[in-house]
Amino acid sequence: MPDRTGKVLPIIHQAPLPLDRLILTEPPDAEAVPMDVLFVGGGPAGLAGAIALARLVKADNAAGGDLGDVQIGVLEKAGALGEHSLSGAVVNPNAIRSLFPELTDKDFPFRAPVAGERVYYLTDSRAVRIPTPPTMQNHGFFIASLCEIVRWLGEKAEGLGVNIFTGFPASSLLAEGQRVTGVRTAPSGLSRNGEQGSAYTPPTDITAQITVLAEGTRGTLSQAYLEWQKISSDNPQIFALGVKEIWETLKPLDAVVHTLGWPLPKDCFGGSFMYPLTRNLVALGLVVGLDYKRSSDDVHEMLQRMKLHPLFREILESGEMVEWGAKTIPEGGYYALPKKRHGDGVMIIGDSAGFVEVASLKGVHYAMQSGMFAARAAFDALKRKDTSAAALKEYDAMVDGSFIASDLRKRRNMRLTFQRDNFYVAGLKAGIMTVTGGALLGGKIESHADADVSRDVKPPEPFTPDGKLTFSKLDAVFKSGNATRDDIPSHLIVGPDITPVVADLYSHMCPAGVYERDGDRLVVSPANCIDCKATDVLGPRWTPREGGSGPKYRQM
Amino acid sequence: MKIAVCVKRVPDMDVRFRIATDNVSVDEAGLKFDINDFDAWAVEAALQLRDKNAGSEVTVISLGPDVVQETIRKALSMGVDRGIQLKTDKVPFDGLAIAKTLSEELKAGSYDLIFFGKMSPDTSNGVVGPMTAELLGLPCVTAISSLEIADGKGTAKRELEGAQEIVEFPLPAVLTVDEGLNTARLPSLKGIMAAKKKPLEVKPAQIPAPQLTVRKLELPSERKAGRVVGEGAAAVPELVKLLQTEAKVL
Amino acid sequence: MANVFAFVETRGADVRKVGLEAVTAARQIADKFNSEVHALLLGPPGIAAKAAQLGQHGADVVIVVEHAALGNYNPEVATATAADRIKSGGYRVAVFSTSAQGRDLAPRVAARVGASVVTDVLTVDAEGDSIVVRHPMNIGKVIATIAIDGSPAVIAMRPNVIAPAQNARAGRVENAQPAIDPASARVKVIETKQGGGGKLDLAEAPVVIAGGRGLKAAENFKLVEDLASAFGNAAVGATRAVTDDGWRPHADQIGQTGRLVSPELYIAVGISGAVQHLAGMRTSKTIVAINKDKDAPIFKVADYGIVGDVFEVVPALTEAVREARKHH
């Protein structure tokens, strides 16, 4: 078949970001709900920001300040806090400690301190233990479920009087001139062809003096704002896709385990993790750069194959997979940070700004810390009654002067070298960069957006899940708790010229089985979508949809 | 019209439950809680009546520890006017003890209508509504799937096995709500804001000694592998026999 | 004397199967106490003729209350009559059924006599001073063992867990009057639509018949509906594939994004058994699968399977079920 050979370039088939829908330069509805500061996204960044701001305001009022009642809002698309939150996770506790100086580590919603760690290089049958690279040393950090952290932060925020609106995705930024004035939420209760059903809820406008975009990875409004203001980064942001499972096991796992090598092809960037949440509750996952080189590369399937390796099989066999999820991770690092992460009436924090350090696999503490910086900047701006870009640039200065920027800068080229060199050369260079704190091989490496990387068209290797240790995508999506209405309108914008080859690419790219190829046709099942955003990186554009749709993670 | 709705906070059922170490309760770690669906429909029914009858007021009442305030707030954010928490650390399984506690509170409110969900999925007993009606001496219609109120009396439809019943009743009355009566509204953003300012009264609950004691909880045994009875229509008589004698479902 | 009371459900001039089950359950309990079963039979004139049947199932005494206004269930009359009898009879246990009627009646009577009540009872036993029952919680995902202290212990049996059994006793008839005048009831039934019109909810129905792609076309759901109507107490469900194709409304979908059901009997017609469907029905008590593909995963969870063409097997099954149900 001629279309089974050659190359496919994702960007050609990708629809542009629908800026006209995402940025509305119109006055808010007369019935708009007024907030002073609105955090768009109830993850670690948005909630830490809301908590920090509420405390600053409270302290100021107690000291006789003149701010008075400051309405702080957190808008979250998931039906409940934490349901769309997913991370490894081994968490550096520095940010949560400084957010709650009055609490101790045992008060925090962590599962356990890291007791031991091992790194392996895998072949298809063997596991060779290698020394733990300095960047991956996790002593002093904590194993945690991000869902649990987020729910805990939510309770703290509510206790401080923060307005938490769950089930309300922000679907557009409202703007007046260049100034962000708030957001409009997505409507709910529409039928597949857009008719208003009995449960129809119209969009609501929320105004704010300051809107803080904390949408998480591949934030839609964040992308739109950066594109609109032309302040995107020098290097394009690049992403990895992580697919994660939680298992109840009969055999305990005693240490944090990371692996490199198999089942990833040599020209793929990525690796796996396996963490003990409790003795017999194990989180494991596989993270693969979305600049992979073959149309048939399939992260979900690689994870399934990986579990057949003795290293994993020994722990998982006879256990039960209780939860499944997936999420992209911004991996571009230092050079992919937006030129500005603030503007008139707006700041961008957390994963939406790209605050992830890939060599150490960390982002949660950067997200929280950036939220806390944004809170300080918002507080100062409110005090000065000036929420312009000039006032909010204090936020960028705080980030740039902090461990967030210095950590990312130290490892600025580690991920990028993997786009240029093969695994071994890149691994060697990464080692040199680590040892020298990035001083050697520190020149900026240009990178490509993932969608600009062309893929060799390859037929997939057949794989049949056994339903016990390995699972199909449909079975997996079921374990994500996804109960999205079947008759929801599609939130995915499919681009032009979708050939069978492109349909194949999409079906392998998406871990949740949203895309299938049926003959020559691309079949889209939007209700399967679990908001990992891989589709937005390589395929059809993701846009906000009815609140409460998507996964319902519990301990991811 | 004065309307009361009794609501319960229940865990999401779409999980594998674990039994807590005390053996008599479900391990709540990792469970998500929300208002019982049947109760949400009851709230919706009350709100629709209030909106049609000027000067009406809807009160929600929930029995339990402080976490039930979340459930009450949810109802308030849907549009309910005020909330009452009957505070207790632990809600017993015993429906009569619960009904007695609720009826003491309801008695004082002189409500025209008192709504309950017809059951909650956690205890799956479905008795508190009609028991409360009895204790209050009020007419009661259970499991309604349609409702009209006019001129001080009501008309409701009940779904029975293979039949439907239309009943008439005088006010005041107790009604329990089945699926199909309505679709509950989601709280609006404005509703969530407004709910913060609505009154939520906390009163200590006086729960009488229960007559029921949960001795233990266990998970049902796993399915054992089944068998193929035969091929084609010829296997039907054997199947019917097994359904009657072995499975006892026919 | 620790006698046991049983409320016998009727429909028109007939005793329902659950009524015989209540008497059978009461007999089993009374046998532990060496005591008597007193069955209350409420109905229209002529219902007394059924007393003998109750005697055969183990009733020592049948209290017959006939009244022209009792052709349909009247909650207030039934509550008052049952409560008066339970109070005056000093019973140790009162047995009801967890049917639509029993769910309405048992808690009212219990409250009236100052007792608590457990519904949906799977098993009942006497242990020391307590009556101990098993009761499903959390949509059947957890089973509770509950001790009932005090007397009477009021329970409502789950339908179909105890088969009506012959265990003949005297069945001595006592005629009685309704405890209140039916005309005085505050809640009045003004219309009853029997049969057909009643939509059984999937989650509540004791029997669920579900159809999948194997039915090939929307119109072939007639086969499934016919089988459901032969059962009389069955609801019709469907797989996601079928609702996605618009053959059935989405409300009928059982599985991952649809309804969770745990009926007594689940019959899967032309359903392959994808895990996302199994998730919605695997807690069913008895599962029957009819599918032409002998390797279909549905057979792994089915208690009983028939490998064959649904267009041939289902009509035959419908006929056989209709025949079997005639005797109830």
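**Exercise 1. State what share of the contacts in chain C between residues at least 6 apart in sequence join residues at least 24 apart.**

Solution. Start with the term: two residues are in contact if their C-beta atoms, placed from the backbone, lie within 7 Å. Among contacts in chain C between residues at least 6 apart in sequence, the share joining residues at least 24 apart is 65%.

The model is predicted: local features need pLDDT of at least 70, side-chain atom pairs count only at pLDDT 80 or more, and totals for chains, interfaces and linings use all residues. Residues are numbered from 1 along each chain as its sequence is written, while chains are lettered from A and ligands numbered from 1 in the order in which they are written.

**Exercise 2. Decide whether the radius of gyration of chain C agrees with that of a compact globule.**

Solution. The radius is taken over C-alpha atoms, and the globule rule is 2.2 Å times the number of residues to the power 0.38. For 328 residues the rule gives a value near 20 Å; chain C has 21 Å, so the two agree. Along the principal axes, the C-alpha atoms of chain C fill a box of roughly 60 × 45 × 35 Å. Of the 328 residues in chain C, 59% are buried (20 or more other C-beta atoms within 10 Å of the residue's own, C-beta atoms being placed from the backbone).

**Exercise 3. Describe the side of chain B that touches chain C.**

Solution. First, the count: chain B brings 66 residues and chain C brings 73 residues. Next, the elements: helices (H or I, at least four residues) and strands (E, at least two) are DSSP runs, numbered from the N terminus. The largest share of the chain B side, eight residues, comes from β9(B). Last, the classes: this side has 37 nonpolar, 14 polar and 15 charged residues. Here Ala, Val, Leu, Ile, Met, Phe, Trp, Tyr, Cys and Pro count as nonpolar, Asp, Glu, Lys and Arg as charged, and the others, Gly among them, as polar.

**Exercise 4. Find how many bridges join β12(B) to strand β10 of chain C.**

Solution. Strands pair if DSSP finds at least two bridges between them. β12(B) and β10(C) (residues 142-148) are joined by six bridges and run antiparallel. In this pairing, B:Leu212 stands opposite C:Ile148.

**Exercise 5. Give the numbers of residues in the contact between chain A and chain B.**

Solution. Chain A supplies 16 residues and chain B eleven residues. On the chain A side, β15(A) gives the most, with three residues. The chain A side divides into seven nonpolar, eight polar and one charged.

Notes: A residue is buried if 20 or more other C-beta atoms lie within 10 Å of its own, exposed if 12 or fewer, and partly exposed in between; C-beta atoms are placed from the backbone.
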